[in-house]
Every structure is written in structure tokens, then in C-alpha cells.
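This report asks for a reading of the complex shown below, beginning with the place where its chains meet and going on to the folds on either side.

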Amino acid sequence: MRILIVDDESLNRFMLLHMLEEAGYPDCFEAETGREALQLAKKIRPDLVLLDVVMPDMDGYEVAPLLKKMAGDIYLPVIFITAMDDQAALTRCLEVGGDDFATKPFDRNILTAKIRAHARTRLLSIRTNKQNRELNYFRKGVEREHAIVEHIFANALTLNPGTKRFFDYRLAPASTFNGDVFLSEPSPSGGLYFLMGDFTGHGLASAVGALPVARAFQAMSRKGLSVSEISQTLNEILLSLLPEDMFFAAVVVEISVSGQQFSVWNGGMPDLAVVTPEGRISKRFISLHMALGILEVDDFEENIEYFNARLGDRLIGYSDGVIELTNAEEQMLGDEAILSWLTSDPAITVEEISHRTEKFRGKAEQLDDITLISYTCQDLSELKSQIEITQLPFTITVELKVEQLIKFTPIYDIVVMVCSQLGMQRVRSDLSTVISELFMNSLDHGILKLDSNIKKSTEGFFEYFKIRNQRLQKLKQGEITISIGYEPQATLLSIKLSDSGDGFDYQRVQSNQESDTYGRGISLIKTLCQSVQYFDEGRSVLAKIKV
Amino acid sequence: MSLDTCLVNGNKDLIIFMEERFDFDKVQEFRDAYLSAPDEVNTITVDLSNTEYMDSSALGMLLNMQKTMVDKISTFKIINCRPQVAKILKISRFDKKFEMN
């Protein structure tokens with residue numbers, strides 16, 4: 001306990017010093033003037049000041065506030081010592097910042113009791129101050145960590161700018177971090193995917209799961225995987241990552257390039273609804289599955305619901321934070337409320353819906369994250385032009401000799417090779433069909449010399465494949481070369497096939513009747529390709545697909 | 001390997017689930033699948049939700065099924081086509097021969 005005694009009279013100082021020493025306070029300092037007191041206080045940092053009021057240079061009333069200021073946040077008791085006993089003078093002592101006063105002549109017992117009391121308060125203040133500093137330090141650390149995590153989330157969970165404008169949406173987390181997820185990516189075959197989901201709970205703990213989900217979803221969208229494959233994979237990832245009491249309710253949706261065909265997987269989310277411009281609910285995609293991250297891989301059900309909407313119809317989705325929104329009277333909003341807003345006002349914006357939900361909530365606290373999305377059916381073909389396509393011209397050539405022809409069909413492997421190039425995924429399905437058709441023609445008719453007429457009857461259809469197998473197993477010579485080239489300028493894929501067979505009269509190929517079980521191949525590829533040409537008496541064919 | 005099938009609607013509806021590729025490789029499996037239909041079946045549904053591409057022999061196989069089974073089966077359906085597959089079926093006018101959703 002360090003005490004500073006400020007008095008211009010040396011006798012007074014001596015008396016106080018003596019008295020304090022006797023009372024058990026040996027650590028005392030003296031100052032003769034106000035200025036000296038301020039300088040000394042700066043150096044010795046007293047725990048308590050005994051301050052005379054009347055002094056020649058600066059009086060106690062001036063010194064007290066300066067001492068207080070110097071002490072900062074920590075309580076520095078200033079006790080005025082004075083011979084005055086009029087009310088006004090004593091009141092002023094307290095008004096300028098003094099904490100107490102002791103009148104001369106001093107009563108030793110009272111003075112030491114006052115010093116002890118103020119010392120206790122100072123100790124408390126020092127302790128609180130230390131705790132505050134620690135708290136502050138901790139809070140800053142947490143804030144910094146949150147800022148880093150927020151940054152990561154903001155980067156990982158951005159909506160693809162290309163598909164974003166097709167949605168009217170609102171995300172309202174209950175705290176800084178959102179346990180709801182809304183993502184959308186263009187599909188390489190045109191159209192788009194979106195994922196809307198809700199992790200158990202809210203806040204940072206439930207938001208962390210969103211990171212691996214977002215990355216996996218974006219990667220799978222880029223590959224053009226089916227909705228069932230995407231949900232299956234997300235389930236697998238979350239099963240291995242999440243603790244047992246945590247899971248992810250989600251809808252995974254693919255919207256076709258026409259903008260009106262939906263493929264939906266719904267596990268544990270509120271119904272997605274299709275609303276017509278007239279305000280009729282034409283479809284509800286109810287949750288057919290358990291949420292992601294619960295079922296073992298073998299038990300997972302990946303089946304999908306499909307629906308054809310009409311242009312102008314709206315697909316509406318929301319998280320349970322919306323329907324479980326509770327007002328001060330503890331009533332829940334419920335999904336019928338939202339659907340009735342949609343049916344009575346089919347053009348209602350998401351902003352207006354959330355405005356109404358806020359109004360319903362009133363002063364009650366928002367307990368869960370809220371997500372609301374709306375997509376209006378429209379042509380999505382412009383998304384196709386935004387898909388990046390490789391600038392690299394490439395050629396893949398495969399020469400198939402007898403041993404390969406007997407053993408396996410190369411179509412799938414070739415398609416995988418081509419589609420591993422940036423942007424080629426969008427023609428995957430057409431390319432598969434075209435290569436398959438051309439290859440089968442070369443092999444069946446060029447190499448194996450099979451006659452399609454066998455396929456005329458239903459039994460002949462199978463007979464054909466039986467003979468084909470027999471001839472293939474006995475094949476002694478023959479060769480098919482498949483060469484696939486890409487021209488970046490024209491964005492054309494050319495598929496060239498040559499076989500070592502006898503060729504055929506391609507000018508005589510005619511379209512068959514609709515009921516025929518064969519002879520559709522060539523007309524089919526003509527529709528899928530930009531051009532199809534035969535060369536070398538039908539032994540070579542060149543088909544071009546526009547990418 | 002055989003294709004997944006299931007009977008629904010009081011064993012009256014046989015659903016055949018096709019795999020990723022529906023082409024000539026499936027001739028035998030597909031035939032086995034529809035020939036396995038018990039007598040009470042009157043509807044055959046081909047589910048193409050997992051099918052990424054089909055070729056003309058798949059079209060032939062579908063027509064062949066129809067021709068083979070027409071005495072027994074009153075309705076043939078194709079469901080859950082992905083857009084690319086739907087395009088092939090549409091080009092080939094299959095929407096006229098099969099009930100499609």
C-alpha cells in the first residue's frame with residue numbers, strides 16, 4: 001500500500017507520516033506542492049493520495065482531477081485533508097473528484113479505517129481491470145478467428161454468378177454463421193443445379209459442415225453428375241465427417257436447359273412447391289428420404305422425383321426456420337401460411353414473403369436460420385454459352401485390332417477420355433450415342449457382315465445378336481480405327497471411324513418405318529450431328545458434333 | 001448381372017430399372033427382365049432415371065419388348081428420362097408409342 005501525502009506544511013506531513021507508519025503503512029511519499037505531487041505520482045504510482053486543499057501554487061481542487069485522470073481506469077482514492085469544516089468546502093472536495101475527506105485535527109482510528117476501506121475498493125478495481133483486459137484480449141482473439149472463418153465461408157459459399165440471377169432468394173442466419181446452405185451451379189449440359197439445406201442447429205458449429213458440402217457440390221455439378229449421384233456422394237462425405245447427433249437436411253435439384261424440367265431429391269426439408277401463375281400449387285416435392293449424413297452407404301436411397309413444369313411457374317423452397325418461426329404468443333407460422341400467400345398472390349416476391357414473416361415474428365427472437373428461395377421457369381439456354389470450353393485442339397486415336405474387338409466395347413472408355421477435356425461434358429450423352437451407333441455399324445456390318453434384315457421379326461431380333469456373338473468370337477481379321485478430333489475455333493468435335501470391311505452402299509440407306517426395330521441408327525445420328533459423311537465406299541464415316 | 005426390377009400396384013405393374021448405359025450390351029438382360037413378368041402383370045414401366053445415354057439398339061429393344069409382350073401387357077411406360085435421353089426418344093417419336101412422363 002503506497003500512500004502519497006501532499007501538504008505544503010512540513011509539520012502536517014510529518015504528523016501524517018508518523019501516524020501512518022504506526023498504523024502499518026511504512027511505504028509513504030511526501031510532496032510539498034501540487035505540481036510536485038503530480039510529478040511524483042507519475043513516478044511512484046501511489047495506491048492512495050492524502051491531499052491538502054489549500055496550497056500556494058495549485059490547490060487541492062485543481063490537483064485531484066489531474067491525479068484521477070492519470071490513474072486511468074483503475075480507482076485511485078483521493079482523500080482530502082482539511083481544516084475547513086464548512087459544508088460548501090467539503091462538498092466541493094467530493095465534486096472535483098475527491099473520494100473522501102478527513103478534517104484536522106486527525107483522529108487516527110477514523111483515518112486508518114477510511115484508508116483501509118478505500119484500499120479494498122482499489123484492490124477490487126485492480127482485479128476487475130485485469131479481468132477486463134483478459135476478456136478483451138480473448139474477445140479480440142475470437143473476433144479475429146471469426147473474421148478468418150467468415151472470410152473462408154464467404155469465399156466457399158458464394159452462389160455462382162451465372163446462375164444467381166435466376167433466383168430470388170433470402171438467407172437470414174440467426175447468428176453470424178449460417179447453418180443453412182444455398183448453392184447453385186450451371187450444369188455442363190446446360191441448365192443448372194441447386195442445393196438448399198439445413199444443418200442441425202445453427203451458428204458456427206453447424207456452419208462448418210457447409211464447407212466440404214459446398215466444395216463437393218461444386219465439383220460434382222461441374223462434372224454434370226446426376227442428382228442421385230450428387231446426393232449419394234454428399235451423404236457419404238457427411239457420414240464420415242459429422243458427429244452422430246448432427247445431420248444435413250437438403251434438397252438437390254437439377255433444372256433442365258429448357259428451364260422447366262425438375263429432378264428433385266428431398267431428404268428432410270420442407271416441401272418444395274411448384275406454383276402456377278394462376279396461384280395453383282401444381283406439385284409438392286415432399287421429403288421422401290432421411291437427411292444426409294445419417295444412413296449408411298448401403299441403406300441410402302437415391303431415387304429422384306421428376307416433374308415437368310410450365311414456363312412462368314415458380315419453384316418455391318424454404319428451410320424449417322421459416323415455418324417454425326414463432327411469435328411472442330408462441331404460435332408457429334407453419335407452411336400452409338406461406339403457401340396461402342403464394343396462392344392468393346402468385347407473383348409475391350421473396351422480399352415480400354420475408355417481410356410478412358418478420359411481421360409475424362414481431363418482437364420474438366429469431367431462433368433458427370432462415371432460407372427462402374424462388375425460381376421462375378424460364379429458358380436457361382444462355383447458361384450454356386457460359387460454360388468454359390478447352391482452347392486446345394486435340395485428337396484421340398484408337399486402333400482396335402481383333403483381340404480388342406472380341407473382348408470389349410470401347411465406347412465408354414473413349415467417351416470418358418474425350419469428356420475429361422474442359423467443357424466436353426455437355427455433349428457426353430450425344431457423343432456416346434453417336435460413337436455407339438457408328439461403332440456398331442462398322443463392327444456389325446463392316447467387319448462381321450451381318451444383315452439387318454434378320455432383325456425383322458421379334459425372334460430375329462435376338463437371333464441377330466446371337467449370330468453377332470458367334471461371329472465375333474470366331475473373328476480372325478478386322479480392324480476399326482476411331483479418331484476423335486476437336487477444333488476450338490469452330491467448337492466442333494469430329495468423329496471419324498474407318499473399318500477394314502467391304503463397305504456398303506450408303507446411298508441406299510433409307511429410313512425405316514416407325515414400328516421397325518432396326519435401321520434407326522443413321523437417321524438418329526443425322527439429327528444429333530451437324531453433318532455425317534461417308535467415304536471410301538462406306539468404309540469410313542465422318543460425323544461432326546457442335547459443342 | 002441382371003437388371004433391377006420390382007413389382008408394384010398389387011403385382012400388376014413391373015418396373016425395370018435401366019443402368020447408366022442403355023445400349024446393345026443390355027439385349028439379354030433387358031429381355032430377361034421383361035420375360036420375368038408374372039402372369040398378372042399388365043403394365044411394364046421402364047425407369048430411365050439412371051440412364052445417361054441410349055443408342056438405336058436400345059430403341060429396337062424397347063420396340064421388340066412391345067411386340068413380344070403386346071398380348072399380355074396393356075400399357076408400356078417410360079419414366080424419369082433425363083433431358084438428353086428424352087431428346088433421343090422424342091427424335092425417334094417414341095412418345096407416340098410409349099406413355100411417357
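## The contact between the chains

In this predicted model, the meeting of the two chains involves 29 residues of chain B, which are in contact with 31 residues of chain A. On the side of chain B that touches chain A, the elements that give two or more residues are α1 (27–35), β5 (53–54), α2 (56–69) and α3 (83–91) of chain B. Of these, α2(B) gives the most, with 8 residues. Sorted by class, that side of chain B has 9 nonpolar, 11 polar and 9 charged residues.

## Chain B: elements and confidence

Chain B holds 3 helices and 7 strands, and from the N terminus on its elements follow the pattern β-β-β-α-β-β-α-β-α-β. Of the 101 residues of chain B, 45% count as buried. Among the contacts in chain B with a separation of 6 or more, residues 24 or more positions apart account for 74%.

The mean pLDDT of chain B is 88, with 99% of its residues at 70 or more. Among the elements of the chain, strand β4 (residues 43–47) of chain B has the highest mean pLDDT, 94, while α3(B) has the lowest, 84; α3(B) is also one of the elements that give two or more residues to the side touching chain A.

## The sheet of chain B

Five strands of chain B form an open sheet in the order β1-β2-β4-β6-β7, and the pairing within this sheet is mixed. Because β1 (4–8) and β7 (99–100) of chain B stand at the edges, each with a single partner strand, one side of each is left without a neighbour in the sheet.

The partner of β1(B) is strand β2 (residues 13–17) of chain B, to which 5 bridges join it in the antiparallel sense. Within this pair, B:Cys6 stands opposite B:Ile15 in β2(B). In general, the strands of a sheet pair through backbone hydrogen bonds, which may be arranged in either the parallel or the antiparallel sense.

## Strand pairs in chain A

In chain A, strand β1 (residues 3–6) and strand β2 (residues 28–31) pair in the parallel sense over 4 bridges, with A:Ile3 opposite A:Cys28 in β2(A). Together with helix α1 (residues 10–22) of chain A, β1(A) and β2(A) make a right-handed β-α-β unit.

Another pair in chain A is formed by strand β11 (residues 272–275) and strand β12 (residues 281–285), which are joined in the antiparallel sense over 4 bridges; here A:Val274 stands opposite A:Lys283 in β12(A). The hairpin of β11(A) and β12(A) has 5 residues between the strands, and in this hairpin A:Gly279 takes a positive phi near 90°.

Technical notes:
Residues numbered from 1 in each chain as written. Chains lettered and ligands numbered in written order. Predicted model: local features only at pLDDT ≥ 70, side-chain atom pairs only at ≥ 80, totals over all residues. Pairing = 2+ DSSP bridges. Contact = placed C-beta atoms within 7 Å. Nonpolar A, V, L, I, M, F, W, Y, C, P; charged D, E, K, R; others polar. Right-handed = clockwise from strand over helix to strand, strands pointing away. pLDDT = per-residue confidence, 0-100. Buried ≥ 20, exposed ≤ 12 C-beta atoms within 10 Å, placed from the backbone.
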